[in-house]
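Visitor: I'm new here, and I'd like someone to walk me through this one. Could we look at it together?

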Amino acid sequence: MPSSPSLATGPTSGPAAARDRRADLIAALLAIGLAVWVTSGLWRDPNHRAITVNSSDQALFEWLLAFGGHALTHGENPLLTYLLNVPHGVNLAVNTSITVYAAVFAPLTYLIGPPATFLVILTLNLAATALVWYWVLSRHLVRSRLAAAVGALFIAYSPGMVSHANAHLNWTAGWLVPLLAWRLFALRRPGHWLRDGILLGVAVAVAFSVAAEGLFFTALALALFLAVWALHPSRRAQARAALPPFLRGLAVTALTAGVLLAYPLWLHFAGPQRYHGTGFDPLVHSEDIAAYWAYPRRSLAGEAGLGTSLAPNPTEENSFFGVPLLLLAVACVGFLWWRDRARRATVWGLAVTAVVFAVLSWGPRMKFDGQRSDRSLPFRLLDNLPVVNAALPARFALVVAVVLGLLLAYAVDRLRAQPPRRRAATAAWAVGFAAALLPLLPTPLLTSVREPVPAFITAGTWKRYVSPGGVLTPLPVTIDLTPDGQRWQAYALADRQGEFRIPAGFFLGPGGPDGRGRIGPVPRTFDSLMFSAGRDGLVPIVTEGSIREALADLHYWKVEVVVLPDRVHGAKYDVDEDALRRTATALLGPPERVDDVWLWKVPPPA
């Protein structure tokens, strides 16, 4: 942070340098080892296992990797596709398109397939978050390698990061945050504002293409921290002196990022199939106040039965720090304020940032221990603002986790500098750190076997029944709850078999209430009938009118064949394949058996 002493005191040599190298190696091994540990369930068989609580998002990111590589090698637009949601297409700029990842890892996707590439990126995200934070802390913010390791490992494997490791390749890219902060603070250097501004602009463009919502949160947090830090009496003169080169560098950053992101931003705010706001209810996706002192499920405390269900879903345990860690954080603030005068402005800025973002994470109305009250909170004043209305308030708690990690690192750094006569106090601190952090040690993500891509797709048989660029639909129609269609399409794209299009899909697009977005398109008769049959296991009453409407939907989508595999993957419930087959037969007549699927050819419109 800005007030930290410069650590560029020249390279160390001899025993001290050897100790530092050993510490760096141990930190790197811990970062990588924990990443593999958390994702170990998928490493058993990446192609046939899925994250149990969020297999739909996993299928989406696998599709994004396959499509991104295909777009790169075929000269197609990586931010707008008509392979999904026929005939309207999908604006990927308003989705989590991870464009940079898709392009960088395209060779790996073609080599080992989208599921294995997804796993590699997920694991690297976690490890890189710890490693980049460790590098920034140890080289720029603290003198103790132990302090850097404690802060970095906590941030990378905090409850929020581990819960988002349930298939969120965007939010687990936490390595972007220290990179952005490091380059932002570099803008203070006189004489380097042009180069530093360009570098930060490129970093902003990369961050936007991987995690736009995370970039927004990072920008808000850094702006608030810098404002509080600069207004502190001990730093006002330093802030005034640094302001001219900082503003010049920031202008260069805006220009660089603006040029690189001109087209994505146009698509985002004015392109086809855009929407305003989000398809998620901020009341639902806000943090329960009691969650701050609860424990997450994927932790030692959770395994011991201390986990709770206060999060809206298992991928959003964004706080869940536990009482001991909250008490330790308060103690760290007090200790640093008392014993480390040089960092007072930094500690004050961090504390204010943590409190503000914690309150924002509670959403528009207060919720405590599962009970929602009518008391309005500050987020309600911001909810209708552009960009803010597309953010989920619960995720503001991820900023609090970063602040806690920095406070832990600063506290350990100061404790390591204590004179020998204070060893007893240091031991007491060690006990406090152990009581706060050991219960939060992560446990592996839950995984389960998922249905394989049928041989009808893997063998390329589909090409005999679908014209080039034609439309195929699986049963049920592809949505977030039944993502098979995108998994099949991802396999065909990565295997270089060619393109087939599908109706619907798992994406965010227009059609929600009050002009907001929604997941997938507005349902039609055919997909509604199939969804009900697959979920409830009951064949709906089929009339001449419903047959006409179902055929009209298939013709609207220009579907050539309807395909039902022997086993359908349901992301949240078991799908009844027999009810689906009987419903489709009632609507379309008897099917053909082709390879390992049932197939119905759609008759042309009369």
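**A sheet and its surroundings**

Guide: Strands here are DSSP runs of E with at least two residues, numbered from the N terminus, and two strands pair if DSSP finds at least two bridges between them. This is a predicted model, where local features need pLDDT of at least 70 and side-chain atom pairs count only at pLDDT 80 or more, while totals for chains, interfaces and linings use all residues. Residues are numbered from 1 along each chain as its sequence is written, and side-chain values use heavy atoms, with hydrogens and water left out.

Visitor: In what sense do strand 7 and strand 10 run?

Guide: In general, strands of a sheet pair through backbone hydrogen bonds, either parallel or antiparallel. Here four bridges join strand 7 to strand 10, and the two run parallel.

Visitor: What is the order of the four strands in the open sheet?

Guide: Begin at the edges, where each strand pairs on one side only: these are strand 7 (471–474) and strand 11 (592–594). Strand 10 pairs with strand 12 in the antiparallel sense over five bridges, and strand 11 pairs with strand 12, also antiparallel, over three bridges. Put together, the pairing is mixed and the order is 7-10-12-11.

Visitor: Which residue in strand 12 is the bridge partner of Val563?

Guide: Follow the antiparallel pair, residues 559–565 against residues 597–601. Val561 stands opposite Lys601, and Val562 stands opposite Trp600. For Val563, the partner is Leu599.

Visitor: Which residue in the turn of the hairpin has a positive phi?

Guide: Strand 11 and strand 12 form that hairpin, with two residues between them. Across the pair, Arg593 stands opposite Trp598. The turn residue with a positive phi, about 50 degrees, is Asp595.

Visitor: How many of the seven residues of strand 10 are buried?

Guide: Buried means under 20% relative accessible area, using a 1.4 Å probe and protein chains only. Strand 10 is mostly covered, and its buried count is six.

Visitor: Which residues touch the most other members of the largest nonpolar core?

Guide: A nonpolar core is a set of buried Ala, Val, Leu, Ile, Met, Phe, Trp, Tyr and Cys residues joined through side-chain atoms within 4.5 Å. Phe456 has contacts (heavy atoms within 4.5 Å) that include Leu472, Val563, Val594 and Leu599, leaving aside neighbours within four places in sequence. Among the 145 residues of the largest core, the ones touching the most other members are Tyr157, Phe433 and Phe456.

How values were computed. Buried means under 20% relative accessible area, exposed over 50%, partly exposed in between (1.4 Å probe, protein chains only).
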